[in-house]
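I opened my notebook to record what I looked up in this structure, one topic at a time. The entries keep the order in which I went through them.

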Amino acid sequence: MNYRHQFHAGNFADVLKHAVLVQLLRGMQAKEKGFLYLDTHAGRGGYDLEAAASGLTQPRAPEWPDGIGRLWMRRDLPAELADYLEQVRTFDVCARTEADAAVTKLNHEGHLNAPRFYPGSPRLAQCLLRPQDRAMLYEAQPDEAAALARKFIGAKRVSVHALDGYTGVKAALPSPERRALVLIDPPFEAQEEWSHIIGAITAALTRMPAATLAVWYPLTTRAKLTDFYRQLMAIKTLPPCYTVELTIAGEEAGFKMRGSAVLVINPPWGSEGPMRTLTRFLTPILAQAEGATGGLHWLVPDL
Ligand SMILES: C[S@@+](CC[C@H](N)C(=O)[O-])C[C@H]1O[C@@H](n2cnc3c(N)ncnc32)[C@H](O)[C@@H]1O
């Protein structure tokens, strides 16, 4: 496992994934009853964007300027995106205080000109959890898991597990709350990741047919995706599901990863509209070349 999310934190794919996650959490909270938030690939919880630029051995171009960097100063975002941005801003300010990093370079509106810290999915979720909700965070890479555990020392209703997240799906579901939102966000280092995901979806739905599952994946070569969708659609009694997709360029632009998507199974009621709004606004903001597209596509419609 060589993958380190810190180099990608806040990039265009994180923006889509985390904006979608915030909307899913809001959607789950439309009901009073508490739920389990299960993060199968949690990462370290939060990221120092300055450290990301130094790389492990040599400097590397940070990815966040073409992601969260493009939203940071915007004041014209719809409520769904402003909600996500507000969570990121709050995290940035708190993390600066914790790190004793100087809060300098305020602009004329009293805001910071650029983000220094960016939250991972566990922190975003934790910020939004209500007293009746709970989080289980799985991270298999020992250093990342240790950093994650440090961030959540003493945190109420949050447990950190330095274990394989796919095993976590089987261990944690069905949840006693009888409601769950599962985020599956693997690094896609290995070819077998796609089949692990199909296995995890099947296991989750067998244990808890009504669980809401969100799976992030890159839009790279078509072949793997076609195979993934074929295996997905072969799952017996696949519940309603849609994909929220965003590309930053057309195929001819030659980007290795030209976009990403989040598959949402058993989406919370009413989430379609906010997701469409997200992609409509994000597509032109995050576009890097001709042919950028975004949208929501139902794979199994909610009739
Ligand atoms: C894309 S990152 C996660 C980012 C995080 N979900 C976020 O949005 O902030 C993927 C993480 O999965 C971890 N990982 C890889 N294989 C794993 C497995 N089988 N179980 C749990 N974690 C794993 C990696 O170490 C990495 O930290």
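The entries below go from the sheet to the core, then to the ligand and some single residues.

**Ground rules.** I note first that this is a predicted model, in which local features need pLDDT of at least 70 and side-chain atom pairs count only at pLDDT 80 or more, while totals for chains, interfaces and linings use all residues. Residues are numbered from 1 along each chain as its sequence is written.

**The sheet.** I looked up the strands, which like the helices are DSSP runs numbered from the N terminus (E, at least two residues, for strands; H or I, at least four, for helices). I found that 8 strands form an open sheet with mixed pairing, in the order 5-4-1-6-7-9-8-10, where two strands pair if DSSP finds at least two bridges between them. Strand 5 (158-161) and strand 10 (294-300) are the edge strands, each pairing on one side only.

**Strand 1 and its partners.** Which strands does strand 1 pair with? Strand 1 runs parallel to strand 4 (residues 134-138), with 4 bridges joining them, and it also pairs in the parallel sense with strand 6 over 4 bridges.

**Strand 6 and strand 7.** I then saw that strand 6 (residues 180-184) pairs in the parallel sense with strand 7 (residues 212-219) over 4 bridges, and that V182 stands opposite L213 in strand 7.

**The core.** V182 came up again when I turned to the largest nonpolar core, which has 81 residues and in which V20, V182, A204, A214 and V262 have the most contacts. Such a core is a set of buried Ala, Val, Leu, Ile, Met, Phe, Trp, Tyr and Cys residues joined through C-beta atoms within 7 Å. Helix 1 (residues 12-28) gives the most to this core, with 11 residues.

**The ligand.** Of the 21 residues around the ligand, H41, G43, G120, S121 and Q141 come nearest.

**Backbone details.** I found a cis peptide bond between L173 and P174, with omega about 0°, and P174 sits in the loop between helix 7 (165-172) and strand 6. R178 lies in the loop between helix 7 and strand 6 and has a positive phi of about 65° although it is not a glycine. Why does R178 count as partly exposed? R178 counts as partly exposed because it has 13 C-beta neighbours inside 10 Å. R157, in the loop between helix 6 (142-151) and strand 5, has a phi near 65°.

Terms used
Buried ≥ 20, exposed ≤ 12 C-beta atoms within 10 Å, placed from the backbone. Near = placed C-beta within 6 Å.
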